[in-house]
Amino acid sequence: MLQSLALLLTLVLAPPAPCQDLRWPHEAPDDWLLAFVDVETTGLVPGYHEMIDIGIVMTDLDGEELGELFIRIQPERPERTDAGARAVNAFDAARWQELGALTTDQAIGRITDFHAMHAGDRQVLMVAFNSQFDAAFLDHLFRKRDRSWRELYHYFVLDLPSMAWSRGLRSLTGSSLAATLGVADEPHVAELHTGITGARLNARIYRALLDEATKE
């Protein structure tokens with residue numbers, strides 16, 4: 001009984017949800033943008049491991065580029081870096097400092113400024129190759145400062161392998177899908193493998209998938 005009364009009071013006293021005049025991408029494509037996101041991290045466990053860089057390529061729905069961002073981020077717990085992650089991205093705390101890595105607050109500021117500059121009041125869909133992984137690490141970065149990555153992106157997140165699988169391309173790595181579609185892969189030398197090389201690859205794969213669709 002008490003629980004039911006508490007729920008009723010919550011519903012009655014809660015402020016009304018803001019009315020949104022939202023038009024969906026098929027209705028108003030010019031109201032929407034895509035943000036191709038790729039992150040490098042100190043390991044595979046969001047919340048324990050941390051982002052060490054992020055690349056974002058902002059485009060319209062046809063994949064035409066509007067701008068890109070790449071920043072390195074100095075993790076707060078670098079001692080947690082996994083050896084496997086270091087082999088992929090060559091993270092080293094001292095080297096990151098020399099390369100101008102940002103603090104958490106600075107990184108959040110740069111990311112939000114980038115989105116404000118290019119998106120304005122348009123809706124932005126995040127697109128990634130492993131969308132759950134990238135979204136989870138972005139979520140934890142913002143939550144460190146009691147912020148939400150949903151400030152930037154719409155509720156829905158797009159996943160490139162799912163797009164490819166729907167077309168019969170059963171690839172689970174960017175390299176294999178790039179080879180199938182005939183687009184340039186990203187570097188696989190650790191010192192050259194960054195979030196922006198991954199984000200650019202994601203955008204190339206997306207454009208190639210669109211091209212394949214228009215040929216049919």
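Contact here means heavy atoms within 4.5 Å. Helices (H or I, at least four residues) and strands (E, at least two) are DSSP runs, numbered from the N terminus. This is a predicted model, where local features need pLDDT of at least 70, side-chain atom pairs count only at pLDDT 80 or more, and totals for chains, interfaces and linings use all residues. Residues are numbered from 1 along each chain as its sequence is written, and side-chain values use heavy atoms, leaving out hydrogens and water.

Let's start with the sheet. Five strands make up an open sheet in the order β3-β2-β1-β4-β5, and the pairing is mixed; two strands pair if DSSP finds at least two bridges between them. From one strand to the next, the twist averages 25°. Look at β1 (residues 32-41) and β4 (residues 123-128): they run parallel, joined by five bridges. Phe36 is found opposite Val127 in β4.

Now for the helices. α4 packs on the sheet, where it touches β1, β2 (51-59), β3 and β4, and its direction makes about 175° with that of β3. α5 lies across β1, β2, β4 and β5, at about 80° to β1. Such angles run from 0 to 180 degrees between N-to-C directions, with axes being lines fitted to C-alpha atoms, for helices over the stretch in contact.

The two helices also meet each other. The axes of α4 (residues 104-119) and α5 (residues 131-143) come within 9 Å and cross at roughly 115°. Thr104, Ile108, Ile111 and Thr112 in α4 meet Leu138, Leu141 and Phe142 in α5.
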